[in-house]
Structure formats: C-alpha cells, structure tokens
Amino acid sequence: MTVPDKRVSTRLDPFVDAYAERTEGLKVSAVRALFAVANRPEVVSLAGGMPNISDLPLKALGSAIGGLIESRGPQIMNYGSGQGEEKLREQICEVMALEGIEASPDNIVISCGSQQGLDLVTRILVNPGDVILVESPTYVGALGTFSSYQGKVIHVDTDDQGIIPSGVVAATEMVRSSGRTVKFLYTIPNFNNPSGVLMSVERRRELIAVAQELDIILVEDNPYGLLTFDLPPQPALRSMDADHVIYLGSFSKTFAPGFRVGWVLAPPGVLKKLVLAQESATLCPPVFSQFAISEYLSTCDWKGQIEQFRSMYKQRRDALLRGLEDHMPPGTSWTHPEGGFFVWLTLPEGFDSDQLSARATSHRVAYVPGTGFYADGLGSRNMRLSFCFPTPERIYEGTRRLGEAIAEEAELRATFGFVNPCGSPSGLPAPGES
C-alpha cells in the first residue's frame, strides 16, 4: 500500500500547512514595498529613511580597517562573545553619556542594529496575546516585530510634545481590567519615526512617573537622539530611570547602517536573557563590524562627524519645509521637526494617501502612506516624508511634484467626484479622519 505524501499539493506553496501560526504576523514593510519605485533615478524619493553617509571620511576608514585586518585579522574575523566586544561596550557608554545616561558596559548587549535589539526584547518578554502600547503613529518596523510574536498593539494618542501620559494610564487600566497584560510601552521620544515629534523634557518626566506608578516597562528606541538641529541632545528616558527603561541604540544613523551594529542597555536580569537570546539567534553579533566601529570611535572625530550630519540634515529639513510651504494646498498641515529624518504630513479632508500614491509616482515622486504606521487602519490622510537622502534641490523639486499630484487629484475629484489613483470615478465615500 502506498502512503500518499501529504505535502503534495496543487497550491502554489506545498508547505502552506507546515508554517507556524506566528508567520501570519509577517507582513511586507510599507517602506520596503516602495523600494522598486523609489530607487528609480527619475523619481524623487521622499520615502526611505536611508542615511546620507557621503561625508564620512571613507579614505581614512579604509586605511584603518585595512590596518585592523593586517594586525588582528584572525581575531576580528572569528567568533566572538554573545554579549559583544567589551571595548565597544565601553565606548557605547561614552556615546550614551551625551544624553545623560550613566551605564556600565556589563549591562549592554550588542545587536545587529537596534532592529534586532527590539526583536530580542520582544522575543524574551511577549507571549501571544500580550499587549504592547505604542505611540500614534509609530515605527513600521516595530509593528512588524510585534506582529511576528503575536503581540497585540494598542496605540496611545500623541500631541506635539509626544505620547500623552493620561492615555497610557487609560490604556493600561483598560487592558488590565480585561484580564490581559501590558508587557511594555514602546516609544521613540527623539524625532519619532514617522512623525518627527520630539518628546518634551517635562513630558518625559511625566511618562517616567506613570511607568513607576503602573509598574510597566518602557522600551526607548533612540536612533536619532544625537541628530538635533538647534537644541542640545535631550536627556534620555533611561537617564531618568534605570529600572523601568530598556534602551535601544544604534550606529546606523550617526555612523553607517551597513555595519549593522546596535545595542540594548537593560537591567541585569533582562540583560542575561537577552544574551541567551542573542546566542540562540546568531551565536554572536558581527565581530568584524564591532571592531571596525570601535576603531572609528578611537581614531576619528566622531563627535565632529555628528555635527556635520546635523548641519547637512538641517539643510535638507529646511528645503522640505520650504517646499511644502510653497507647494501644498490649503487644508494641508505638517510637523516641523527639530532633528531626525522625517516630516509627517496630513492631507486635506477627503484625500487618501494610499490612493494618491500611484498618482504621485506618475509625477515621479514617492512617499510612504500613513496607514503603514498604524496597526488599526488609521493614517489614511497622512504620509511620511523623508528629507535625509536627496539633495536640498531634489527635495524641493519633490515637493513641487507632490503638490502637482495633489492638485490633479483635487481637480478630478471636483469634476467627477471621488476617484481612484488612475482618475476614474470610484463612488467610494470620503476617507475617515486619521
């Protein structure tokens, strides 16, 4: 008797019945999905958050890394510690001190960018169905991570000073009254991705007080904190409370993303679990990259380099804001970030950024629709505009093209009613408020 192979299937994927339930939470990133369009040379991309690293001292870096290979090649190209190299962890403490953090290298674990750090934190803390509180809107990569571990995301309202503490209290009480658990609150307090909002110092103190009162963990993701334009670096949440805050840092924005080096600063008990999770995932973080960054921090003027980045990104921010002022129609509003990479734009009432995207592409400009930054379907009138990579001239031209796309959409709406991105009547009701 022949036993049939249950894997044989007429479906496109014969392994469809073999996948774990949690893979249903793996979704295409709203940003990554735009890469094919945004990378076309004729398109002005205001979509991706790719740093502009053209001003790095590449020749000096090449010589330094070449010297490392010659002198310490067998060490830097081999396996290393699951926690990360001690010297780099000591140097990271110096970096974090710029934002008021006093830390020991023993409480740091190196990760493959802060994205992996967030993945490891979520992995060791979140059970399926646990609740994670986030800002409204929040980082699309974080939403993907939380979904992959089957966490339930609840957005908390924000204003121009950051997440609203009373909203955190209300959300936590609601969750707990239903018998569920709030595992942590995830926040990007410095120049939030995607909104660009900077959490005020007073708001930070209020949030810390709420975390202490409710006894909840704060996960502070801080890739942009040193990229301020007119203000000194703000005190980190971790500088205000070492017991309730897990801090995520990264060299991707202040040095270069290709090395994929970030870190997690955590209380000792959490740190031990993170090291075990890191060893389970990768055995050890990339040793060569750690030594390369450590050499950069030791031999180059990294603080001066950050100042150059600040000046460069400020010029690009100014070009974007000037272009929006010149080219956006009445009823459009946007944030005015004091650092970071992003502006959050709200379209006039009745517009939908997802529907507008195809028309914008036909005008050779790209952005990220706002719905990608929400877990609950909101954000239809919003878009994230990135000013970090194109030249100021290209950024200004991108706003002109975007203004043309919006004006064309408005004209077709006025003529035919609500229209789809190709301009034909759709008969759909106006999108709701975001």
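The following questions and answers go through a predicted model.

Student: What rules apply to the numbering and to the values?
Tutor: Residues are numbered from 1 along each chain as its sequence is written, and side-chain values use heavy atoms, with hydrogens and water left out. As this is a predicted model, local features need pLDDT of at least 70 and side-chain atom pairs count only at pLDDT 80 or more, while totals for chains, interfaces and linings use all residues.

Student: In β7, which residue is the bridge partner of Ile132?
Tutor: Strands β3 (residues 131–135) and β7 (residues 182–187) run parallel and are joined by four bridges. In β7, the partner of Ile132 is Phe184.

Student: How far apart are the end C-alpha atoms of helix α10?
Tutor: The expected span of a helix is 1.5 Å times one less than its number of residues. For the 13 residues of α10 (residues 287–299) this should give 18 Å, and the model agrees: the end C-alpha atoms are apart by 18 Å.

Student: What covers the buried residues of α10?
Tutor: Buried means under 20% relative accessible area, exposed over 50%, and partly exposed in between, with a 1.4 Å probe and protein chains only. The buried residues of α10 include Phe291, Ile293 and Tyr296. Among the elements that cover the buried residues are α2 (58–76), α3 (86–97), β2 and α11 (302–327).

Student: Where is the proline that a cis peptide bond joins to Ser136?
Tutor: Most peptide bonds are trans. The bond between Ser136 and Pro137 is cis, with omega about 5°. Pro137 lies in the loop between β3 and α5 (140–148).

Student: Is Gln150 buried or partly exposed, and at what relative accessible area?
Tutor: Gln150 is in the loop between α5 and β4, and its phi is near 65°, a positive value in a residue other than glycine. Gln150 counts as partly exposed because its relative accessible area is 30%.

Student: Why is the pair of Phe309 and Tyr313 classed as it is?
Tutor: Rings of Phe, Tyr and Trp (its six-membered ring) pair if their centres lie within 6.5 Å; planes under 30 degrees apart count as stacked, over 60 as edge-to-face and the rest as tilted. Phe309 and Tyr313 are four residues apart in helix α11, about one helical turn. Their centres are 6.0 Å apart and their planes at 25°, so the pair is stacked.

Student: What is the angle between the planes of Trp344 and Phe373?
Tutor: Trp344 is in strand β12 (residues 342–346) and Phe373 in the loop between β14 (368–369) and β15, 29 residues apart. Trp344 is buried at 7% relative accessibility, and Phe373 is buried at 0%. The pair is edge-to-face, with 5.7 Å centre to centre and an angle between the planes of 90°.

Technical notes:
Two strands pair if DSSP finds at least two bridges between them. Helices (H or I, at least four residues) and strands (E, at least two) are DSSP runs, numbered from the N terminus. Contact means heavy atoms within 4.5 Å.
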